[in-house]
Number of protein chains: 2
Amino acid sequence: MAAAAPALETLSEHACFGGVQGFYRHASHEIGLPMRFGVYRPPQAADGPVPVLTWLAGLTCTEETFAIKAGAQRVAAALGLMLVTPDTSPRDTGIAGADAAWDFGNAAGFYLDATQAPWSRHWRMESWLTGELPQLLAAHFPVRADAAGLFGHSMGGHGALTLALRHPGRWRSVSAFAPIAAPTQSPWGVKAFAGYLGDDRSAWAAHDATALVKSGATAPPLLIDQGLADQFLAEQLRPELFEAACREAGQPVTLRRHPGYDHGYYFIASFIEDHLRHHAQALR
Amino acid sequence: MAAAAPALETLSEHACFGGVQGFYRHASHEIGLPMRFGVYRPPQAADGPVPVLTWLAGLTCTEETFAIKAGAQRVAAALGLMLVTPDTSPRDTGIAGADAAWDFGNAAGFYLDATQAPWSRHWRMESWLTGELPQLLAAHFPVRADAAGLFGHSMGGHGALTLALRHPGRWRSVSAFAPIAAPTQSPWGVKAFAGYLGDDRSAWAAHDATALVKSGATAPPLLIDQGLADQFLAEQLRPELFEAACREAGQPVTLRRHPGYDHGYYFIASFIEDHLRHHAQALR
């Protein structure tokens, strides 16, 4: 007898561009707590499996942020892409201090598996995103297993780049907006890695996109958009380090620099169509 | 000597689709308090005056809601339309109870001038929107004085319809999403009108779109979109009463009914392009 599909709770569903924008929750065994995510099903999903594109959001965001602010459903409906928006960390963990900072703990999962107590108990975002969540999606939504893409913003841009470099072949298309591209050389990254991975810096390079490329990891051709009026560009993001590492290693990357644009969703919305088309072309 | 332009404070500005999404505040003499609003300047505004389209938002919303959620800047940039998003009521008025309900007081201005104390002191949204705000915009932004349109959602759809019917000729194009179309026959409207206008119902008809059309008021040809899964449709919105009044009076209206769509911004975003094109055609 086939095993029953893992349970999924529907929080809300909304008609949107001929498809459905939904929000869901499941009891995650990797995280050990309920986890939320959004799914946009394009109209084409009514007729059969479609490619699936997962967005990893930035610090302070939730599973709703991209769905509300990016304007991506219009393009996903035109191209027949499913959009998945996971929450950015475990929630309601009961861990003291999890809510104390906006750049560590809640809403700041950094898309890795923490090794340090107390975070290691629930902060297992990499295992959730690479194993449990895709299986859950395949059980409940018409997803093409051979056509998955990954993208994200800021902390989520870091997540998209590092997860793609760490799991070659899993995602056939990858892109990022304003990623934290060299986190071991950024205050956000140093704080997160020290907290989640410990003070021994030798463990950090395996979660730093620039270091991963230098060590020989590869990914599909990358599209990265960066605003030049981004207040975090020089100190936190450092895409020029990643670009240089890619050039040296022969990793294809297109880093587009946009004068005047800042770090927020008005920037993301302005270029989101280009990213969805980049993914659709690779996932066809 | 020419009078100085009334002062405007810039709260934030963000590059967006080649234009600028900004948020501003000014000391309103009509309201007697600072008022906030958003302006999206399309790229074409750098070269000269453009048509201006004002969005009136619904209950609980602010000047940011439409700018964040509707995805309208993309279309406004393509069509060369300026978008203005006023806040939905006075704020920080010090009036006891102004924050007590989500459907009256703060964020529930209903786009009229209150006649009843204590609301009459600051709740002068109609005077602000028809006089002071357009003058302020003309002084600070490249606005075509002869090309103004008005639209809105729910309470703001009521505002768009009633203000257009009460001020013929001021707006050359008008549309609405899920408007409160017959507020004297809706619990939201009855509560608001009793509070702002008093218990004498004879004063209410002048702020009810259906009653206004029945009394002979006219507006440009109207486009109205309504979701059929809207939880407020039957009790609060009642567009069928407005549609019937228009048919009887010869007021042109297109009421589009959309199966499956609810009351929120996923609905609005799905059809916003049609509205901007409706306005652009009239304002050219």
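User: What makes the copies meet through the same surface?

Analyst: This is a predicted model. In it, 100% of the interface residues of chain B are also interface residues in chain A, so the copies meet through the same surface.

User: Why is strand 7 of chain B called mostly covered?

Analyst: Buried means under 20% relative accessible area. Five of the five residues in this strand, residues 173-177, are buried. One side carries Ser173(B), Ser175(B) and Phe177(B), and the other carries Val174(B) and Ala176(B). All of these are buried, so by the under 20% cut-off both faces count as covered.

User: How do you know that strand 7 of chain B pairs with strand 8 of chain B?

Analyst: Pairing needs at least two bridges. Strand 7 and strand 8 (residues 222-227) of chain B have four, in the parallel sense. Ser175(B) has Leu223(B) in strand 8 as its bridge partner.

User: What joins strand 6 of chain B to strand 7 of chain B?

Analyst: Five bridges do, and the two strands run parallel. The cut-off is at least two, so this is a pair. Leu150(B) stands opposite Val174(B) of strand 7. With helix 4 (residues 155-166) of chain B, strands 6 and 7 of chain B make a right-handed β-α-β unit.

User: How do you know that strand 1 and strand 2 of chain B pair?

Analyst: Seven bridges link strand 1 (residues 9-16) and strand 2 (residues 19-28) of chain B, in the antiparallel sense. That meets the cut-off of at least two, so they pair. Thr10(B) stands opposite Tyr24(B) in strand 2. Their hairpin has two residues between the strands, and Phe17(B) takes a positive phi near 50° there.

User: Which residues touch the most other members of the largest nonpolar core?

Analyst: Tyr196(A), Phe242(A) and Leu276(A) do, in a core of 94 residues. Helix 9 (residues 265-283) of chain A gives the largest share of this core, eight residues. A second, separate core of 93 residues includes Tyr24(B), Ala209(B), Phe242(B) and Leu283(B).

User: What does Phe242(A) touch?

Analyst: Contact here means heavy atoms within 4.5 Å. Leaving out residues up to four places away in sequence, Phe242(A) touches several residues, including Leu161(A), Leu165(A), Ala181(A), Val213(A), Ile224(A) and Val253(A).

How values were computed. Residues are numbered from 1 along each chain as its sequence is written. Chains are lettered from A and ligands numbered from 1 in the order in which they are written. This is a predicted model: local features need pLDDT of at least 70, side-chain atom pairs count only at pLDDT 80 or more; totals for chains, interfaces and linings use all residues. Side-chain values use heavy atoms; hydrogens and water are left out. Buried means under 20% relative accessible area, exposed over 50%, partly exposed in between (1.4 Å probe, protein chains only). A crossover is right-handed if, with the strands pointing away from the viewer, the path from the first strand over the helix to the second runs clockwise. A nonpolar core is a set of buried Ala, Val, Leu, Ile, Met, Phe, Trp, Tyr and Cys residues joined through side-chain atoms within 4.5 Å.
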